[in-house]
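Hi,

Here is the structure I promised to hand over. Have a look at it first, and then read on for what turned up.

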Amino acid sequence: MNSPGFPNRLFAQPLRELGRALIFLLTALSRMRLTRLQIGETLRQVYFAGVRSLVIIVTCGFFVGLVLTLQTYDTLTRFGAGDAVSVVLALSLFRELGPVLTAILFAGRAGTSITAEIGLMKATEQLDALDLMAIDPMERIVQPRLIGSLIAVPALVLIFNVTALLGGVAFAVLLMGVDPITFWGNMQATVELGRDFGHGMLKAVVFGFLAAWLAVYFGWTAKPTSEGVALATTQTVIATAIAVLVIDFVLSAFML
Amino acid sequence: MKSSHQIELTAGLFLLLAIAALVFLAVQATDRGVVSGGSYTLTAHFSNVGGLKPRAKVSMAGVTIGMVESIQLDPETFDAVVTLRISDQFDELPEDTSASILTAGILGDQYVGLEPGGLFDPLQDGDRIMITNSAMVLEQLISRYLFNTEGDE
């Protein structure tokens, strides 16, 4: 920190940030407590992070399904393979688009609000007040948001996948006249429960964890000023998007 | 602002919706884990597997009953050893069942077709299918055809 040079800025700073985030996570995990009050608070966070994101997830999911089917159907019919559209749709949704898009949308909708909320609590000294009342803010503020988001993201991924499939059905079956039995039959014959769907849901859990961790971390470490909170909110979205896309590649490479 | 009771109720409904989505996707949009559920393995030796790939279908009478788990080269006989994973539902395959590598359509994927024999003893987990037909390799067929026609003239 005392010698701001080129290698220091390029390597040491991000590394130190990563270390801080890791220590923050370990602290939060080590102070986990399961009480009745905590479960109620976690459920409330599932509401704020999950239910409040439903509109954007359902809308985006439906249109992603529509446009994905439109593009692949157009391409596949040139090769006389229009019936394979449902397979392409289901595989790309379950394996990649569902988890990745949901995590990024979640960071934009719920992650930012978690960061801003915690950052503002810090700026208005509410966290210090909790500390004074001998209430651990890690346990009272951080933990429910961490677990709430961890539950909400896989649930949102499932809902995203269903609505995107419905979008695909709407375009392929209702508009283009693909036979519904062929549509579902091809999908059922090709998509594997464990390998395709299961691995996708594993990704969903990992991304939910990432999104929750980063959102809470940036809120917790935000400078207690209005600029600090604004910066932290932006960082949440950028960091989550980058982390999700990079880790998605690593996970995909391992799973295939 | 909703009361905390309502919020918890909505959160519960949300999770219920997610579970419904999970069930819908698992049942309607996937193979329901037929093969990855209860299953047993058989091996078969082929002198040439052609373009057969792991995860290719294993079918009997046109019905998919399993998939190819792995393809390896036997270091001693230089045969290809194909491990087949067959669903538990079909554990009564006769001992003299034969396996051939077939192609779906002209340019389709290659798969393993099983043909039942007539013996009463069923194949057990880990057994080897003794009667096998290797894949047709187009180049070999063409060269054989050319060779034969030349010989006729």
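In chain B, strand E2 (residues 57-60) runs parallel to strand E6 (residues 110-115), and three bridges join them. Strands here are DSSP runs of at least two residues (E), helices are runs of at least four (H or I), and both are numbered from the N terminus; two strands pair if DSSP finds at least two bridges between them. Val58(B) has Val112(B) in E6(B) as its bridge partner. E6(B) also pairs with strand E5 (residues 98-103) of chain B, this time in the antiparallel sense, over six bridges. There, Thr103(B) stands opposite Gln110(B).

Before the rest, some housekeeping: this is a predicted model, where local features need pLDDT of at least 70 and side-chain atom pairs count only at pLDDT 80 or more, while totals for chains, interfaces and linings use all residues. Residues are numbered from 1 along each chain as its sequence is written, and chains are lettered from A and ligands numbered from 1 in the order in which they are written.

Still in chain B, Thr43(B) sits in strand E1 (residues 39-46). Thr83(B) is 40 residues away from Thr43(B) in sequence, yet their C-alpha atoms are 4.5 Å apart. Beyond neighbours within four places in sequence, Thr43(B) is in contact (C-beta atoms, placed from the backbone, within 7 Å) with Val81(B), Val82(B), Thr83(B) and Arg128(B).

Now for the cores. A nonpolar core is a set of buried Ala, Val, Leu, Ile, Met, Phe, Trp, Tyr and Cys residues joined through C-beta atoms within 7 Å. The largest has 76 residues, and Val153(A), Leu156(A), Ile159(A), Ala211(A) and Val216(A) have the most contacts inside it. Helix H6 (137-175) of chain A and helix H1 (4-28) of chain B are among the helices that each supply at least two of its residues. H6(A) gives the most, with 21 residues. Another core, of 22 residues, lies apart from this one and includes Ile86(B) and Leu123(B).

Lastly, the two chains: 21 residues of chain B are in contact with 24 residues of chain A.

Cheers

Key:
Buried ≥ 20, exposed ≤ 12 C-beta atoms within 10 Å, placed from the backbone.
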